[in-house]
Amino acid sequence: MSLNASSSNTPPIVLTGDRPTGPLHLGHYIGSLKSRVELQHTTQQFILLADTQAMTDNVGRHQRVTENVMEVALDYLAVGIDPEKSTIFIQSQVRELYELSMVLLNLVTVSRLERNPTIKEEIRLRGFERDIPAGFLTYPVSQAADITAFKATLVPVGNDQLPMIEQTNELVRRFNNVVGKEILVECKEMLSATSRLPGIDGKAKMSKSLGNAIQLGSTPAEIKKAVNNMYTDPNHLRVEDPGQVEGNVVFSFLDAFDPNKDELEELKAHYRRGGLGDSVVKRRLEAQLQAMIEPIRTRREEFAKDKGEVLAMLKRGTERARTVAAKTLDEVNASMGLNYFD
């Protein structure tokens, strides 16, 4: 499998990526990876491994981040993201993003950052209270630098990330107003058509840290075990009992991955009226997931045989990303009079 890369000039420009805190799972696949494979044929797509951002709440666990850069890169390649069509790069190695972040930090107040609903919720979930790492509080600015450095016009996000897009565009308008020129470009959100995939326990979103995820490299035995452990309808005690589809994790997964929607609707109707056991529904889902994950797992294992070449691919992508980001930073510095030696 060749990893040689070449640049693409096809608009619009898309910026997307993941925090490398663990291998990716089916939630990532249905939420973003699948659409990235499609977008790479019609857009100029930049995909960042957001290790700098991941460090903001992984102090003392930095190796967890750096080691997973390779794991996430393998997942990208395994699902069909082509480095000849998408620029895959490591955030921390594009130093221009640090410089642009510093410029943008001067255009936002601490109180505005604290009002960001996404940040407020993540601070609550992490229990930071007032002991908030400064890097974590300001990561919306870092994210804005990522987007604006590549002049991305489309950013795939979930509903919970919409405040980040709003804040990015606020910074773009503020900067352009300050320098009196249209240097940076506003972006638009690109919302996923698929609802967020629940964890197999039905209690939260799918997350590796919560132990309720199915990874893209899962073995057949791991897939079978995960499906068997899936939360269904606790009141569906006997086969003949009517069952509830809503909130039933097995049906949530079938909605996401079963291509035969007509048969699926018939299955739902049968389950609702009774006479259909959970084991039958789970066998159908397991067959779908086994068939879908098997080629992904095989490709992942193939790419993993030559991690040196995967690293070389990341270096090529990072160098291309630096070239683009450096051009934007030059424009930013020139507009502010910070080009003393040119």
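User: Which residues do ring pairs link into a cluster with Phe 46?

Analyst: Ring pairs link Phe 46 with Phe 89 and Phe 150, where rings of Phe, Tyr and Trp (its six-membered ring) pair if their centres lie within 6.5 Å, and planes under 30 degrees apart count as stacked, over 60 as edge-to-face and the rest as tilted. This is a predicted model, in which local features need pLDDT of at least 70 and side-chain atom pairs count only at pLDDT 80 or more, while totals for chains, interfaces and linings use all residues. Residues are numbered from 1 along each chain as its sequence is written, and side-chain values use heavy atoms, leaving out hydrogens and water.

User: How many aromatic pairs are there?

Analyst: The structure holds six aromatic pairs. Phe 128 and Phe 136 form an edge-to-face pair, 5.3 Å centre to centre with 70° between the planes.

User: Is Phe 136 buried or exposed?

Analyst: Phe 136 is buried, at 0% relative accessibility, and Phe 128 is buried too, with a relative accessible area of 16%; buried means under 20% relative accessible area, exposed over 50% and partly exposed in between, with a 1.4 Å probe and protein chains only.

User: Switching topic, what is Phe 257 in contact with?

Analyst: Leaving aside neighbours within four places in sequence, Phe 257 is in contact (heavy atoms within 4.5 Å) with residues including Leu 26, Tyr 29, Leu 197 and Met 292.

User: And what follows α14?

Analyst: Helix α14 is followed by Gly 337, whose phi is positive, near 75°; helices (H or I, at least four residues) and strands (E, at least two) are DSSP runs, numbered from the N terminus.
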